[in-house]
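Good morning, and thank you for coming.

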Amino acid sequence: MKKTAFITGATSGIGRATALLLGKNGFRIIATGRRQERLDELKKELSKETEIHTLNFDVSDQKAVLNAIESLPKEWATIDLLINNAGNAHGLASIENGNMEDWEAMIDINVKGLLYVSQPIIQKMITQKSGHIINIGSVAGKEAYPNGNVYCASKHAVDALNSSMRMDLNKYGIKVSQVAPGLVETEFSLVRFKGDEDRSKSVYEGFDALKAEDIADLILFMATRPAHVNLADVLIFPTAQAASTMVNKS
Ligand code: NDP
Ligand code: 8X3
C-alpha cells in the first residue's frame, strides 16, 4: 500500500518539487498552501501519477489548520510522512530598522505554523504507532548572518524543535529529521524582497545555486530509508557555498 505524505507549502519551490517527486515515487500526496490556483494546477499534474488531495489553509491560523486536518476524508486520515516546509523570510534589515509585521509573519509562519500543523499529525502518528516528520530548516538555523536576525531566529527555533521533537517522539518510534539547505533558487527571495525581481535574481547570480529538485531528491532519499535508519539532520549547500555569508561568485 502507498504511504501518504502531507506537505505544507506545496504550491511553490521545495514543497512543490517534493510533492511531484514523492508522487512519482510511490507516495500519495496531501498538498497544502494558500494559493488555490497553484494547488489545482499541482493536482492536475500529479493525478496522472498518484492520488492527491489538496487543502487550502494558512499555517499561522491555528483554527484553520485544525479544521483542515479534521476535514480529511477517512481514506486520507492516515499520514505516514509530514514535511514541514511552509515558510519564508520577510525582509532583510538591520535589527534597528526591522519591520514589526515582517517579524510577526516569520515567527507566526515559520515557528508557530510548524507547531500548529505538527501537533494534530503527531497525535495521529502516535495512534498509528509509526510516522516520519521532516522539518525544513536552513543554514540560517545553524549560523546567524547580518540582517538575517528574525529569520535566523525562526530557523534556529526549527533546529531546536527538530532535536527536541526527535527526543520527545523517540518513545513512540516516530522518526524526526531536518533538512537544512543553503541557497536554493525558488520564490524565496522574491517573497523576502516583496516582489522585487531584480533584487531577487541577483541573489542567485554568479554561481550555481541549488534547485528545488535537489532538495526534493534528498527528501525522497531520507523518506525511503529502511525503518531502522534516520538521517536526523542534513546540511546541504550548493558547491559554491561554504557558509551563510561565503559564496564563491565568479
Ligand atoms: P517558496 O517561496 O518558493 O515557497 C514557500 C512555500 O511556503 C509556498 O508554497 C507558500 O505557499 C508556503 N507558505 C508561505 N507562507 C505560508 C502560510 N502562511 N501558510 C501556508 N503556506 C505558506 O520558498 P522555498 O521553497 O524556498 O521555501 C520552502 C522552505 O524552505 C521554507 O521553510 C524556507 O525557509 C526553507 N528554505 C529555503 C531556502 C532557499 O534558499 N530557498 C534555504 C533554506 C531553507 P502559499 O504562498 O501558496 O501559501
Ligand atoms: C534560506 C537561506 O541564506 O537565504 O534559508 O537565509 S538564506
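I shall speak about the ligand and its surroundings, and then about one serine.

This is a predicted model, in which local features need pLDDT of at least 70 and side-chain atom pairs count only at pLDDT 80 or more, while totals for chains, interfaces and linings use all residues. Residues are numbered from 1 along each chain as its sequence is written, chains are lettered from A and ligands numbered from 1 in the order in which they are written, and side-chain values use heavy atoms, with hydrogens and water left out.

Let us begin with ligand 1.

Which atoms approach the oxygen atoms of ligand 1? In the side chain of Ser12, an N or O atom is 2.5 Å from an oxygen atom of ligand 1. For Asn88, a polar side-chain atom lies 3.0 Å from a ligand oxygen. Val184 uses its backbone: an N or O atom there lies 2.9 Å from an oxygen atom of ligand 1. Taken alone, ligand 1 exposes 870 Å² (Shrake-Rupley method, 1.4 Å probe), and the protein buries 97% of that.

Finally, we turn to Ser200, which is in helix α7 (residues 197-203). Is Ser200 buried or exposed? Ser200 is buried because its relative accessible area is 7%, and buried means under 20% with a 1.4 Å probe, protein chains only. Beyond its neighbours within four places in sequence, Ser200 is in contact (heavy atoms within 4.5 Å) with Ser189, Leu190 and Phe193.

Notes:
Helix = DSSP H or I, 4+ residues; strand = E, 2+ residues; numbered from the N terminus. Buried < 20%, exposed > 50% of the residue type's maximum accessible area, 1.4 Å probe, protein only. Polar contact = N/O pair within 3.5 Å; in protein donor to acceptor, adjacent residues only side chain to side chain.
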